[in-house]
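User: I am new to this structure and would like to understand how its parts pack together. Please guide me through it.

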Amino acid sequence: MSQAVLTEVGALARRALLKTLRQPFQVFPIVFFPAILLAVNASGLKAATRLPGFPTHSYVSFAIAVAFIQGAMFSMINTGTNLAEDIESGFFNRLALTPLRRVPLIGGLLVGVAAMGALQSAFYVALGLAAGANLEAGLGGAFVIVALGALAALGFGALGCVAALRTGSGEAVQGLFPLFFVFIFLSSSNLPRELLRTGWFHTVATWNPISYLIEGFRSLFISGWDATALGRGFAVAAGLSAVALLGVAGALRTRLQRT
Amino acid sequence: MTRIRARRGRGSMWRVARAIAWRNLHTYVRRPDLFVPSLVFPLVFFASFAGGLSALGSIPGFRFPAGYTAFQFVFVLCQSAMFSGLFTGFSLAFDFEGGFARRLMLAAEDRRGIALGYALVALSRACITLTLLTAVALVAGMNVTGNGVDLFGLYGLAVLLVLVGYAWAAGVAFRFRSIQAGPLMQTPVFLILFLAPVYVPLSLLQGWIHTVASANPATAFLEAGRGLISGVHDHTALAYACAAGLIALFALWLLSGLRNAEASP
């Protein structure tokens, strides 16, 4: 990649990161909702640790994994909304008219999203530890969590970009959030898959890729270094990113043709 | 003379209320973007909690005669009832943003009819949602061990909760007249509901959440609802009293919000 492309990506990544950090209504949900849900679920579901076969005595260690997925989903909404705003205000069209290459046009935004995902993940690790979670994998595990969080944020952020490029509407992007939240609900977010006793729910959670992403984060807190769980978690995050980036490429082509 | 004037006033209030209720319900059922999520989300919550957490029913000390599905059904019923009220507050805020509610304020003979009309909308929306939720729960094999009177009491409580949610959200909507106030409507209700014994009975909660849940009115709603569905009454009178008290309090909040909207330039 040439120096010019890197400079362009860097400038747009910085803009994307600052745009999120400077808007309290975008930062607030990232910090507040996962924290409050962790507090409520960790206390309300603490009794679940008394179930035979539950993998840990600390429900906080079990539940903190969900915060990373929620954070990644907020990345999707923030990225999509910011891009849709740029499209609605005409900024995106003006950018497209400059000599800027196609890759940095969205690539810069996505690098910013990945950086924001890494920041969020570091925050959730600190939040979990402050709430009493035990990070079995140690300091090395924290770095892996940050890397997985950045990759997941990149994948979800790219999905937000696809929605923004296809619809050009911030409202449509916001509408995606509840849809993706359903994936968290119908996964192994609250109990391990082995303890999901309702047949159809167990099947849905087993087919739901979000279960494996959650289990990837969770394994580092509960079991230490579990290659299978981590491999599946990274595979889901990388697969999601690859599919979403293909979607971005197609949507960008269509959007620029229209422009 | 005064009596005739009062009767006319009541008549115009109902006329305004009926017109608003008809218009909003018409919009609601014709717009899938409003209609579908309001039906799908309670079902997702129900599926996720009753299906995904059914193992919690076998925790030592968990005793509920009607089973875990019925235990969670009551939570989702209460939540859906309150959120039907909240979402109607959203509609009111949207109508203010679009200018429709301001035109209504100019045209209505009795502006209390506006508040009443949206309350009717909330109750009608809740009726559709709760009917579907109940049907799905019964198809999913929910046990109901309470009798007909108990169930009447359960749905009566749900109606009161619709009004609690609506009066709170409408008070916010009248004051802020913008959908930007949405989180202010939603977050306190969400917090109050989830700081109650959602997943397990109060006796199995430990630490700070037990203390908070013990003082939370939503705990009384859930315990009463669960008592009514299982036929083992628990805090029913307290729940009704709390709901009535909250309606009275939020009705004042709503009416002062209406005055605030009337006074705004």
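User: How are helix 3 of chain B and helix 7 of chain B oriented to each other, roughly parallel or roughly antiparallel?

Analyst: In this predicted model, the axes of helix 3 (residues 68–98) and helix 7 of chain B come within 10 Å and cross at roughly 170 degrees. Angles over 145 degrees count as roughly antiparallel. Therefore helix 3 of chain B and helix 7 of chain B are roughly antiparallel.

User: How many charged residues does the contact of helix 3 of chain B with helix 7 of chain B have?

Analyst: Helix 3 of chain B brings residues including Met82(B), Leu86(B) and Phe90(B), and helix 7 of chain B brings residues including Met185(B), Val189(B) and Leu193(B). By class, this contact has seven nonpolar and four polar residues, and the number of charged residues is none.

User: What is the handedness of the crossing of helix 6 of chain B and helix 7 of chain B?

Analyst: The axes of helix 6 (residues 148–176) and helix 7 (residues 182–194) of chain B come within 9 Å, at a crossing angle of roughly 150 degrees. Gly165(B), Trp168(B), Ala169(B) and Val172(B) of helix 6 meet Leu184(B), Met185(B) and Val189(B) of helix 7. Six of the contact residues are nonpolar, one is polar and none is charged. The crossing is right-handed.

User: Which elements give two or more residues to the side of chain A that touches chain B?

Analyst: The contact between the chains takes 21 residues from chain A and 23 residues from chain B. On the chain A side, 14 are nonpolar, four polar and three charged. The elements of chain A that give two or more residues are helix 2 (24–44), helix 8 (176–185) and helix 9 (199–207).

Technical notes
Residues numbered from 1 in each chain as written. Chains lettered and ligands numbered in written order. Predicted model: local features only at pLDDT ≥ 70, side-chain atom pairs only at ≥ 80, totals over all residues. Axes fitted to C-alpha atoms, helices over the stretch in contact; angles between N-to-C directions. Helix = DSSP H or I, 4+ residues; strand = E, 2+ residues; numbered from the N terminus. Left-handed = near helix turned anticlockwise from the far one by under 90°. Contact = placed C-beta atoms within 7 Å. Nonpolar A, V, L, I, M, F, W, Y, C, P; charged D, E, K, R; others polar. Parallel < 35°, antiparallel > 145°, perpendicular 65-115°, else oblique.
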